[in-house]
Amino acid sequence: VSNGGISTDGITLTPVPGSLFSLDGVHPSNRGHGIVANLTIEAINNAYNTNLQTVDVSKIPQGIPVSN
């Protein structure tokens, strides 16, 4: 996480509970799981020369909204 967050698909997820992490502060949030999925897809595409589509993280429901 550089510059205070991860930017993808027009949104920025910050390393705080309710954004990149779930409210327990340990596990990924809904959108955090989307970022993990995209990194996995990228690794598969690179290793096997495939063209799997990535997940649009901005379309994943945020979960419980938190204030900034």
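Is Asp-9 buried, partly exposed or exposed, and what is its relative accessibility? Asp-9 counts as partly exposed, because its relative accessibility is 37%, which falls between the limits of 20% for buried and 50% for exposed. The views described below come from a predicted model.

**View 1. The chain as a whole, with one helix and two strands.** Read from the N terminus on, the elements follow the order β-β-α. The chain has 68 residues, of which 24% count as buried, and it exposes about 4,800 Å², with carbon and sulfur atoms supplying 55% of that area. Among the contacts with a separation of 6 or more, 35% are accounted for by residues 24 or more positions apart.

**View 2. Asp-9 in the loop between the two strands S1 and S2.** Strand S1 covers residues 6–8 and strand S2 covers residues 11–13, with Asp-9 in the loop between them. The phi angle of Asp-9 is near 50°, which is a positive value in a residue other than glycine. Most residues other than glycine have a negative phi.

**View 3. The largest nonpolar core, with Ile-35 as one of its residues.** Five residues make up this core, namely Ile-11, Leu-13, Leu-20, Ile-35 and Val-57. When residues up to four places away in sequence are not counted, Ile-35 touches Leu-13, Leu-20 and Val-57, and also Ile-6 and Thr-8. In soluble globular proteins, nonpolar side chains tend to be buried together.

View 4. The side chains of Asn-45 and Thr-50 are joined by a polar contact of 2.7 Å.

**View 5. Asn-49 and Leu-52 in the segment after H1.** Asn-49 counts as exposed, because its relative accessibility of 74% is over the limit of 50%. The phi angle of Asn-49 is near 50°, again a positive value in a residue other than glycine. Leu-52 is partly exposed, with a relative accessible area of 43%.

**View 6. A nonpolar patch on the surface, formed by Ile-44, Tyr-48 and Leu-52.** Together these three residues have about 320 Å² of accessible area.

Note on methods:
Residues are numbered from 1 along each chain as its sequence is written. This is a predicted model: local features need pLDDT of at least 70, side-chain atom pairs count only at pLDDT 80 or more; totals for chains, interfaces and linings use all residues. Side-chain values use heavy atoms; hydrogens and water are left out. A polar contact is a pair of N or O atoms within 3.5 Å; within protein, one must be able to donate a hydrogen and the other to accept it, and residues adjacent in sequence count only if both atoms are side-chain atoms. Helices (H or I, at least four residues) and strands (E, at least two) are DSSP runs, numbered from the N terminus. Buried means under 20% relative accessible area, exposed over 50%, partly exposed in between (1.4 Å probe, protein chains only). Contact means heavy atoms within 4.5 Å. Accessible areas come from the Shrake-Rupley method with a 1.4 Å probe; for residues, only the protein chains shown count as cover. Patches are made of residues with over 30% relative accessible area and no salt bridge: like charges are joined within 9 Å, nonpolar side chains (Val, Leu, Ile, Met, Phe, Trp, Tyr) within 5 Å. A salt bridge is a side-chain nitrogen of Lys or Arg within 4 Å of a carboxyl oxygen of Asp or Glu. A nonpolar core is a set of buried Ala, Val, Leu, Ile, Met, Phe, Trp, Tyr and Cys residues joined through side-chain atoms within 4.5 Å.
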